[in-house]
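Me: Can you walk me through this one? I'd like to go feature by feature.

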Amino acid sequence: MDLLNENVKQIYLKYLTAAFGSALITSIYSMADMIMVGQYHGPSGSAAMAVIAPVWNILYSFGLLTGIGGSILFSASRGKCNDSNRGNEYFSAAVILTALLSVILWISLILFEDQLLLLFGADDTLLPLAKSYLIPVRFTVPVFLFTQMLSAFLRNDSNPGLATKAVMLGGVMNVFGDYLLVFIFDLGILGAGIATAFSASISLMVMLTHFFSSRHTLRLKRPYQLFLKTGEIITAGFSTFFIDIAMGLLTMLFNRQIMRYSGTDALAVYGVIVNISTFVQCCAYGVGQAAQPILSINFGAQKQERINKLLRYSFITVAAVSGIWVTLTMLIPNSFVSLYMAPTQSVLKIAPPIIRCYCLSFLLLPFNVFSTYYFQSVMKPGISFFISLSRGILISGTLIMLLPVFGGSDALWAAMPVTEFAVAFFIIRCMRKQHRNQPAILNKE
């Protein structure tokens with residue numbers, strides 16, 4: 001596939017289908033686990049899954065750090081000077097960095113599991129459930145990082161379909177495995193953890209078949225100036241990494257504030273919100289990941305007109321995603337609650353206002369997430385990082401800590417809508433500034 005010359009719309013739609021499928025199926029892991037565990041254990045199971053959520057954010061974020069950062073540099077180097085050797089040096093550096101991070105996270109989870117789960121909001125009731133889920137996950141930590149890393153490189157090596165098929169197969173296996181192990185074998189939350197670890201391993205094995213294909217161009221090559229290239233990868237991928245790691249930090253802050261001001265029922269509702277939000281964020285990832293390879297290589301080749309077209313298609317897509325998810329969460333909040341758990345009447349009573357308030361953030365979340373991919377792809381990591389920092393902890397964290405103090409427990413749920421609107425205002429200003437510097441950037445054909 002020629003990303004520099006073929007029709008932009010057709011390439012984008014092909015990549016969007018693959019990236020959307022891959023990103024959405026990834027969210028099925030947590031969604032299926034949440035549904036099965038919530039139905040089996042009730043609100044306590046949903047609350048336990050909310051406690052576990054930051055663990056996934058940490059694991060996936062480090063995979064995205066090396067995958068997105070390395071693949072951006074991989075494609076940009078090929079677009080700029082058609083240098084496959086230099087591109088493969090970045091791939092090799094990303095593999096080495098992913099392996100190193102996997103070992104560090106593996107050891108940390110084994111040694112500090114209780115401390116982490118307590119930090120993430122567990123109490124004496126939720127801690128045993130969360131630990132039971134993580135038993136099989138502890139043995140497969142590297143798998144989760146490498147699936148994220150390889151998925152990004154496969155998209156940049158003109159094989160987005162394989163990444164989608166791999167994650168899709170893993171997602172299907174996870175759903176069936178959850179049902180079989182949670183209910184048929186009566187393993188409860190432990191069964192959900194086993195199914196997730198097994199299905200992720202299946203996804204990774206399918207992705208590795210890319211290296212047996214005659215068309216693959218990824219090669220392991222000794223990186224020249226490894227530490228320099230590692231630094232470049234971290235810089236290029238840091239904003240995407242921070243989105244996920246910050247989501248984990250926010251979940252931790254929310255968990256602790258909810259338990260302080262509202263209690264376990266509200267935490268169970270937040271567990272539902274985390275899964276909906278993850279799904280919406282995965283939609284935004286799909287748009288960003290579809291655009292990123294095309295943006296990076298055309299930026300390297302200085303083909304601004306093609307970048308302009310791609311931006312328009314991407315903006316239309318994120319607007320559609322926003323409209324769909326805001327409409328659904330406003331109209332049927334308790335349908336989501338009943339899907340994810342066997343709710344009590346007290347949970348059904350408090351859920352609608354909580355979900356409707358929080359999910360107003362979906363109006364601008366997809367646009368804000370996509371913007372980080374855009375600024376990364378055109379080598380403006382500073383702006384991208386500031387967006388991620390503001391969304392991830394600077395504005396949102398401040399509001400999570402202060403709003404319930406001054407406005408009561410209900411005010412906590414407004415933290416994310418206010419954050420997303422403030423960040424979108426900043427992004428629009430940055431894009432307008434770039435538009436003034438490059439007048440053609442957002443003009444219609």
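This is a predicted model: local features need pLDDT of at least 70, side-chain atom pairs count only at pLDDT 80 or more; totals for chains, interfaces and linings use all residues.

Me: How many salt bridges turn up in the whole structure?
Reply: The search finds 4. A salt bridge here is a side-chain nitrogen of Lys or Arg within 4 Å of a carboxyl oxygen of Asp or Glu.

Me: What does Glu113 pair with?
Reply: Arg138, with the closest N and O atoms 2.8 Å apart. Glu113 sits in helix H4 (residues 113-119) and Arg138 in helix H5 (residues 126-138), so the bridge ties together parts that are 25 residues apart in sequence. Helices are DSSP runs of H or I with at least four residues, strands are E runs of at least two, and both are numbered from the N terminus.

Me: Are Glu113 and Arg138 buried or exposed?
Reply: Both are buried.

Me: And which residue does Lys131 bridge to?
Reply: Asp114, at 3.0 Å between the closest N and O atoms. Lys131 is in H5 and Asp114 in H4, so this pair links parts 17 residues apart in sequence. Lys131 counts as partly exposed because its relative accessibility is 28%. Asp114 is at 30%, so it is partly exposed too.

Me: What about Arg391?
Reply: Its side chain meets that of Glu420 in a salt bridge, 2.9 Å from N to O. Arg391 lies in helix H15 (residues 381-407) and Glu420 in helix H16 (residues 415-437), so parts 29 residues apart in sequence are tied together. Both Arg391 and Glu420 are buried.

Me: Switching to helix geometry. Where does H9 bend?
Reply: At Phe238, by about 55°. The bend at a residue is the angle between axes fitted to the seven residues ending there and the seven starting there.

Me: What end-to-end span does H9 have?
Reply: Its end C-alpha atoms are 48 Å apart. The 36 residues of H9 (residues 226-261) should span 52 Å at 1.5 Å a residue, so the two agree. The expected span is 1.5 Å times one less than the number of residues.

Me: What comes after H9?
Reply: Gly263, whose phi is positive, near 105°.

Me: Which residues other than glycine have positive phi?
Reply: Among them are Asp186, near 60°, and Gln225, at about 55°. Most residues other than glycine have a negative phi. Asp186 is in the loop between H7 and H8. Gln225 is in the loop between H8 and H9. With 42% relative accessibility, Gln225 counts as partly exposed.

Me: Where does H13 bend?
Reply: At Ala351, by about 40°, and a proline, Pro352, follows within four residues. H13 (residues 345-358) has 14 residues and should span 20 Å; its end C-alpha atoms are 21 Å apart, which agrees.

Me: Which H13 residues are buried?
Reply: Val347, Leu348, Ala351, Pro352, Ile354, Ile355 and Tyr358.

Me: Next, Glu89. Buried or exposed?
Reply: Buried, because its relative accessibility is 12%. Glu89 is in helix H3 (residues 84-111). Not counting residues up to four places away in sequence, Glu89 touches Lys221, Arg222, Pro223, Tyr224 and Lys229. Contact means heavy atoms within 4.5 Å.

Me: And what does Ile307 touch?
Reply: Leu295, Asn298, Phe299 and Tyr374, leaving aside neighbours within four places in sequence. Ile307 is in helix H11 (residues 304-331) and is buried, with a relative accessible area of 3%.

Me: Last topic, the surface. Which residues make the nonpolar patch?
Reply: Tyr179, Leu180, Phe183, Ile184, Phe185, Leu187 and Ile194, for about 640 Å². Helix H7 (residues 160-184) gives the most, with 4 residues. Phe185 lies in the loop between H7 and helix H8 (189-208). Patches take residues with over 30% relative accessible area and no salt bridge; like charges are joined within 9 Å, and nonpolar side chains (Val, Leu, Ile, Met, Phe, Trp, Tyr) within 5 Å. Areas come from the Shrake-Rupley method with a 1.4 Å probe, and for residues only the protein chains shown count as cover.

Conventions: Residues are numbered from 1 along each chain as its sequence is written. Side-chain values use heavy atoms; hydrogens and water are left out. Buried means under 20% relative accessible area, exposed over 50%, partly exposed in between (1.4 Å probe, protein chains only).
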